[in-house]
Amino acid sequence: MSSMHLGEINPDRDVHQSYREPPSNLEAEQALLGAIMVNNRAYEKVCEFLAPEHFFDPINGEIYDACASVIESGKQASPVTLKGRFDTHEALKDEGGAQYLVRLAASVITVVNAEDYGRTILGAFQRRKLIDLCETAVNRCYSDFHTETTPADIVAPLMTGIDDVSAGKEPASLVHVTDAFDKALGDIEAAVKGEEGARGVRSGINDLDHAVGPLFNKRLYILGGRPGMMKTGLALQYAWRAAKQGKRVAFFSLEMGREELAKRLFAIYAGISQEKQDGGLLDVDDVRRLVLARQELSELPLWIDDEPAPSVAQIQQRARKLSRKGKLDLIIVDYLQLVAPGNTSRYRNANRTQDVTEICAGLRQMAKNLDAPVLALSQLSRALESRENKRPTLSDLRESGAIEQDAHVVMFVYRDEYYAEKEEPPPGSKQDLIDAWDERMERSRNVLEVIVGKRRGGPPGRKCALHVNLELGRVENLYRESSR
């Protein structure tokens with residue numbers, strides 16, 4: 001037998017490799033349609049999972065859709081009742097028009113296998129979907145190579161699509177309002193019974209949970225504040241307290257490194273300030289408490305990612321990878337303005353409003369895709385500093401339109417003590433000014449205000465005052481300390 005030289009053409013092999021038929025089973029499509037027209041009850045076996053777009057042959061999909069429409073209107077679907085719809089159908093001219101329907105029904109031997117036919121059709125559709133997803137990713141690898149697109153931007157939609165296909169997830173369809181009512185009543189009942197999943201994620205700080213409410217799945221929450229207002233500190237409270245309750249938490253720190261966050265957690269948990277940790281001023285008891293804190297904190301289901309400037313697609317990809325080992329209950333992003341736009345350079349795009357609009361929409365979609373609440377921190381505009389009353393409002397959000405629109409809840413943190421310290425009356429001031437300043441300092445000392453600027457489905461304007469230990473970065477109820 002002679003061997004084939006390198007580069008020699010093998011016609012059979014090359015034809016097979018250059019063109020392959022997309023996965024399909026036209027026999028199963030025709031058998032199912034015939035079974036439905038012979039016995040409409042066959043439709044009941046497939047209607048829950050099979051849709052017209054799953055058919056490879058478009059005309060078969062149209063016939064299935066016509067059968068569904070007639071059956072669901074309470075009438076009988078048969079070649080006779082469907083004749084008027086397809087007698088002059090352009091695509092059926094070569095098949096004899098509505099005679100194609102008659103042949104489908106006449107060729108049926110049994111309707112018992114209707115569900116098997118439907119599963120075969122769906123399986124072929126899912127394979128075609130996977131091919132489309134992979135081909136799109138391959139094409140983007142080539143075409144977007146010289147753009148700002150990162151591999152993660154390509155992988156994220158691919159992984160989402162693959163997960164949807166593997167889970168049998170199809171695009172959401174219209175449901176009757178009674179289905180929505182039943183689901184809502186189920187959620188309400190679960191909340192009344194105090195079931196864990198219905199309560200959402202709580203901070204563990206009673207006054208804060210009363211003002212803001214729990215963080216529920218599929219929703220975007222914004223925590224805004226100027227620097228020095230304890231945004232990250234409060235976010236860490238949510239993270240470690242939720243993890244203490246057994247919730248799985250992913251904390252994306254775009255500003256601080258993981259070591260600094262670890263020191264902050266040590267301060268909160270062990271009661272040893274970060275200044276003391278960094279200065280090496282630890283006694284034997286401090287070391288013992290740090291070792292114990294490390295042991296206990298390490299057992300919490302809390303993960304930290306400190307990669308700088310990821311895109312939403314990259315954040316979602318990492319969170320999705322983690323969620324495969326167990327559903328995530330809370331995702332925290334610190335902070336929103338440091339997230340990179342998907343396909344543009346943050347340093348070249350002058351339109352930051354457009355960037356933030358894309359980022360907020362992506363975070364909201366990520367909350368839905370991963371079925372978890374997303375808590376995103378946000379910086380506020382410097383213009384706030386020029387006002388006499390520096391308590392933040394929605395208009396202080398940078399690029400506020402998109403953030404306010406996409407968020408389910410917007411809350412702000414404010415420490416009046418921070419500003420009062422800067423406004424100390426100079427020496428020689430009138431006594432009434434000094435007394436007023438002393439009173440303000442006393443009133444605001446160690447107080448953190450949380451202001452709810454927006455709450456979809458509830459009243460905005462709620463406030464709560466919390467006690468903050470700046471040395472430890474710990475936030476607690478103002479009048480009663482929460483137990484660790």
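A search of the whole structure, which is a predicted model, turns up five aromatic pairs.

**Aromatic rings around tyrosine 419**
- The ring centres of tyrosine 414 and tyrosine 419 are 5.8 Å apart and their planes meet at 15°; planes under 30 degrees apart count as stacked, so this pair is stacked.
- Tyrosine 418 and tyrosine 419 have ring centres 5.1 Å apart, but their planes stand at 85°, so this pair is edge-to-face.
- Tyrosine 414 and tyrosine 419 are both buried.
- Tyrosine 419 has 3% relative accessibility, so it counts as buried.
- Tyrosine 418, at 24% relative accessibility, counts as partly exposed.

**Other aromatic residues**
- Tyr43, Phe55 and Tyr64 come together in one aromatic cluster.
- Phenylalanine 49 has the charged end of arginine 119 over its ring, 3.6 Å from the ring centre.

**The sheet**
- Nine strands make an open sheet with mixed pairing, in the order S3-S2-S4-S5-S1-S6-S7-S8-S9.
- At the edges are strand S3 (302–305) and strand S9 (474–477); each has a single partner strand, so one side of each has no neighbour in the sheet.
- On average, neighbouring strands of this sheet are turned by 25° against each other, ignoring direction.
- Strand S1 (residues 220–225) and strand S6 (residues 409–414) run parallel and are joined by four bridges.
- Within S6, valine 410 is the residue that isoleucine 222 stands opposite.

Note on methods
Residues numbered from 1 in each chain as written. Predicted model: local features only at pLDDT ≥ 70, side-chain atom pairs only at ≥ 80, totals over all residues. Heavy atoms only, no water. Phe/Tyr/Trp six-rings, centres within 6.5 Å; stacked < 30°, edge-to-face > 60°. Buried < 20%, exposed > 50% of the residue type's maximum accessible area, 1.4 Å probe, protein only. Lys NZ or Arg CZ within 6 Å of the ring centre and 35° of its normal. Pairing = 2+ DSSP bridges. Helix = DSSP H or I, 4+ residues; strand = E, 2+ residues; numbered from the N terminus. Axes fitted to C-alpha atoms, helices over the stretch in contact; angles between N-to-C directions.
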